[in-house]
Amino acid sequence: MIPAGLMNLRLIAGLLLAGCLPGAEPLFESSIEPLLRTRCWKCHGESVQMGGLKLTAREAMLGVVVPGKPEQSRLYRMVAGLEKPAMPMGGALGVEEVEAVRKWIAEGAVWGVTKVEVWWAFQKPVRPVVPAGLNAVDYLVGKRRGAITFAGEASRNTLVRRAYLDLTGLPPTLAQVAEFVEDRTADAWEKLVERLLASPHYGERWGRHWLDVARYADSNGYEHDFDRPNAWRYRDYVIAAFNADKPFDRFLVEQLAGDEVERPTPETLTATGFLRSHAKVGYREKDNPEFRYEYLDDMIATIGRGVMGLTVQCARCHDHKFDPIAQKDYYRLQASLFGYVEVDHPLVPSAEHKRLSEAVDARIRPLRAEIRDIEAPYREKILPAKYARYPENVREAIRTPEALRTPGQVLLANQVIRTTGVSSAEIDRVASAADLSRKRALLAQIAEIEQTRPAPLPVAMGITDGDYRSTPDGPGDEPAPGKGSGKDPEAGPFLHEGPGRYQAPPSYFLIRGDVQSRGERMEPGFPAVLAKGEVKTAVETAGGKTSGRRLALAQWLGSAENPMTARVMVNRIWHHHFGSGIVKSIDNFGKMGDLPSDPELLDWLATEFVRSGWSVKQMHRLILNSATYRMDSRFDDAGSMKADPRNERLWRFPVHRLEAESVRDSIMAAAGTLNAKVGGPAVFPVLQPEVLSAMTHGIWNQDKDGPEVWRRSVYVYRKRGLPFPMFEVFDLPDQNVSCGARNTTTVPTQALTLLNNEFVLSQSKHLGRYLEEARPGDRAGQVELAYMRVLARRPNERELELGVKFLAGQPVDAFAHVLLNLNEFVYIQ
């Protein structure tokens, strides 16, 4: 460990090397300030202060600089090599630079005028001026493009397919193509955009993008991969929210604090599934209390990357290495979330249901108690034999009374006791005939009584505030929201300040992120670099049953004063329309992320997003109605290619591949088999036996191949432990963490899947059957219809000729299969 004094020296030396030494104004401005800027401020500037040293202000440097006395100034001594460690870390200063530092300190370390640059993302967006009457997207893209020659408008067939795939994830039908192509009115394109935004399939496509951010899945993940039977309700909430164009700031409020809004509804309670969508080890947090900190870290990472575009989770164990996010900022955010408990929110009135269920429980309770009494002596005989296989130190920990165990013994005993049990089957094998008979009779009575239990209420998995230390009774049972320890229905040890008033449990700064090394108690808050002035960190909630901390966090995230949220979301929208964001690192706007390719365009879109009431659909309208979006993708110009080979200035529309779900959906749409039903529980398409045999835990309720499973891919069961193979081949992201942008790879298994997958072959036969029935005996007609159905365009002469020749020796379904394997089919052009 580096002594504090030495750490200060290191920081000072870094400042000197960076040219942060104040000298007489001319010397400071000519030599010191440039030196600080180029050599020091990267590590000791406004955004990053490694070792806590900031070299952008004279006052901050006085700990390492003694004005008038360079020989006593650690900054000078370290840059001069007189003390270790020598600074700066990137290489020693030149003789003239060291002399400038010495002279500057000797003359009083006078601080001149500095031009401190704050990282672009931490500044509020500045709306650029756009001439009246011009499309802002076209004007700002054109301004950056300059004199580069750019493409004209794409063909109407190309545009209609592009719009349908982009906004709904489905190719247009023949009638939908004709409707647009044959509409020669001036506003034909605008009308098409409006039709697509009003389609229920729009939410399925754009909701899927958000589900990547939310790391949504239908199972827990990890070894046991337990099923989450009600997770689909959150998925449906997201789809409905996008279809309704729910304002994005409200969308955030409902997901982070849907239980804390003024009038919670089934919809807002379902939305809290966002914070519960993390991968989880088991049913119950009591299995290992430390897991709770992992889940909180996942929430912070998801909010940080998905909403703020920052890797806040990197400050869990230390200050962020690159961005101005202190470790205390991390634990302030953790305090905002710390009181959460997992609950299943009833979606219909539950008082009568609760009364009837409690009556059933009351009848069953004494029967279960009698079974426990019967089993107890057998369990006490069997357990010691099981414990005997463990080492003596473990057996000693178990024998020691719980109150007298050392911390090490507590850990050993809990691990073994938790994982070593005696099953009912083991007891039945050694029980006496009389005991076994009585137990079976009791179980029969319980089963009979269970028949009178009311059917389960519809519930949504979500969160609320409560006492996370409560002990659930079994799988699926959760601590009562707003309650104390679970023993007193009205008050807990610290959770209520007064009658019915909830108080959040204490959250602590963890030294080096170690849950066993508590520091000071933390109050809720937000990253200091973003939260300027007075900011509410808790909001009064209706009835005072929750802390209001999550609601305050959500309101701050959706505030126009927050420089990150609007930028991050409009950049995400741009990314999905053009295949690449204005900031390419979609979920990292910090110093290790990419700089915006067009800062003015990004800021205009961000400010317009807020002005429009945070309307996502309005952002679609602005972008799709631009000439930039409607450009041809097949435009080739040698001068443009030379000037901008990566098309970063958008001189033609960027071709980009469909994501995995839209590939599958487009196959079914082309084949005419797509089941367009919206919402509901997940479906389980057929898996190969060898794939299914790899599943050891959780569920995959295999359905027969047919209309029931030929639904949109957003409804396919998301099993963390067994990703759907076709999706995985086409770059399904890691379902355990938030994903900003999916990878796009080109690998042989993709081609092999489209060639050999039984689902693709089956759908090809359906498409072939349709072509034969629609154009019986007409090979040219079948080729033309196939192209229109699959690619939304007619074949050119060469393609028509080749298609007719192919059909002369091959069945129609084989030709349909060929078209489904074309690059053009899986790309938006």
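**Close-up views of a predicted model**

**View 1. Arg-657 and its surroundings.** Leaving aside neighbours within four places in sequence, Arg-657 is in contact (heavy atoms within 4.5 Å) with Phe-730, Asp-731, Thr-744, Thr-745, Gln-750, Val-826 and Tyr-827. You'll find Arg-657 in strand β7, residues 656-657; strands (E, at least two residues) and helices (H or I, at least four) are DSSP runs, numbered from the N terminus. Arg-657 is buried, at 11% relative accessible area, where buried means under 20%, exposed over 50% and partly exposed in between (1.4 Å probe, protein chains only). Its side chain makes a 2.8 Å polar contact with the side chain of Asp-731 and also reaches the backbone oxygen of Thr-745 at 2.7 Å. A polar contact is a pair of N or O atoms within 3.5 Å; within protein, one must be able to donate a hydrogen and the other to accept it, and residues adjacent in sequence count only if both atoms are side-chain atoms.

**View 2. Helix α25, residues 616-624.** Here 7 of the 9 residues are buried, so the helix is largely enclosed by the rest of the structure. Among the buried ones are Met-619, His-620 and Leu-622. At the helix start, a side-chain oxygen of Ser-615 comes within 3.0 Å of the backbone nitrogen of Gln-618.

**View 3. Ile-582 in its loop.** Ile-582 sits between α23 (565-578) and α24 (599-611), and is buried at 2% relative accessibility. Leu-602 is 20 residues away in sequence, yet 6.8 Å away in space, C-alpha to C-alpha.

**Notes.** The model is predicted: local features need pLDDT of at least 70 and side-chain atom pairs 80 or more, while totals for chains, interfaces and linings use all residues. Residues are numbered from 1 along each chain as its sequence is written, and side-chain values use heavy atoms, leaving out hydrogens and water.
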